Amino acid sequence: MEPHDMWTSYPSLKKDLQKTLNLISESISLPNKEVEDAILAIFHSGGKLLRPAYLLLFSEFGTKVDKKKTIALAAAIETLHTATLIHDDIVDVADTRRGTKTMNASFSTDIAVYSGDYLFIVCFKLLIQYQNSLKSIELNTTSMEKVLLGELGQMNERYNINVTVDDYLANITGKTAELFALSCFIGCFENGGSKNLANKCREIGKDIGLAFQIVDDILDYSQSEETLGKPVLEDVRQGIYSLPLICSIEEHPDFFEPILSKKDAMTQEDAKQIHDLVSDCHGVEKAYELASHYTNRALDGIQSLPNNKQNTKEIIYTITKSILQRTF
């Protein structure tokens, strides 16, 4: 299957993303072919491949581009990301993602756990091929730790009606922004970019990741289940409170406490009431203000990147603007 249609306007990038998907497919081999096929189906279920795309794009700011290594790094990043998604679905007891059944829904929790663990192994296998030339392996492992800590932080805040915007930002900095930051950093640094330039790329990636997650959370309050490919407000029933709800709770905690205190006993009608209250409290608008802040920081950072003959800066700017300024 080909990469997402959004990359059609960028044929060179789309070609490299196809190579990335091919390498992932070649790297996955299990005795149980049914489970293997289910894992492979996740990579071909319509994901946008944003993290490997950014890694590939930011590699063009390097002075010694190693395309084969860069494809392997892109595959490792996407494999790591997918492993965390499988484990997320287990914790959330989610049945669907991107409109298709999750591993735990298709098989069992045990098989899903082992499938996620297996993808972590695949990630390291992809990296180990270049262990002698990887300059940022310590940063890679540190980033993986931050992703896990972000997930654990989110779990610690479950059903916490006193969760703050700062708590939320700390958690999404780990669970989402870190992989975007890592993708941009190693794309540049592992291809000969200077440490200063790579660190600038990392900050841009972090801002992209923060804005992306906030926008994603806003969409949960403004899009249908069919559009999102997952049940709307399912996170609320699981005790995960995202930015629109947190902003609303901070304004009127007494509106929300009676409903949220039901925890996982919340009904669909309760979820609809939460949705309506967030709208009444202008939670989406307040969240959008913060999304705009990080979007503008990311776009300003991209504008400061060096020019090159591939017009990479302009391409990154256009792609970033399109994914961070989606219609709510």
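**Helix kink, helix packing and positive phi values**

In this predicted model, helix α8 (residues 165-189) has a kink of about 50°, centred on A177. The bend at a residue is the angle between axes fitted to the seven residues ending there and the seven starting there. Helices are DSSP runs of H or I, at least four residues, numbered from the N terminus. Of the 25 residues of α8, 21 are buried (under 20% relative accessible area, with exposed over 50% and partly exposed in between; 1.4 Å probe, protein chains only).

Helix α3 (residues 50-58) packs with helix α4 (residues 67-92) at an angle of about 155°, and their axes are 8 Å apart. Axes are lines fitted to C-alpha atoms over the stretch in contact, and angles run from 0 to 180 degrees between N-to-C directions. The two helices, α3 and α4, are therefore roughly antiparallel (over 145 degrees). From α3, R51, P52, L55 and L56 make the contact; from α4, T70, I71, L73, A74, I77, E78 and H81 do. Contact means heavy atoms within 4.5 Å.

Most residues other than glycine have a negative phi. Y159 has a positive phi, near 60°. Y159 lies in the loop between α7 (137-156) and α8. Y159 counts as partly exposed, at 25% relative accessibility. K263 also has a positive phi, near 55°. The loop between α13 (253-260) and α14 (268-280) holds K263. K263 is partly exposed, with a relative accessible area of 41%.

Residues are numbered from 1 along each chain as its sequence is written, and side-chain values use heavy atoms, without hydrogens and water. Local features need pLDDT of at least 70, side-chain atom pairs count only at pLDDT 80 or more, and totals for chains, interfaces and linings use all residues.

Notes: Parallel < 35°, antiparallel > 145°, perpendicular 65-115°, else oblique.
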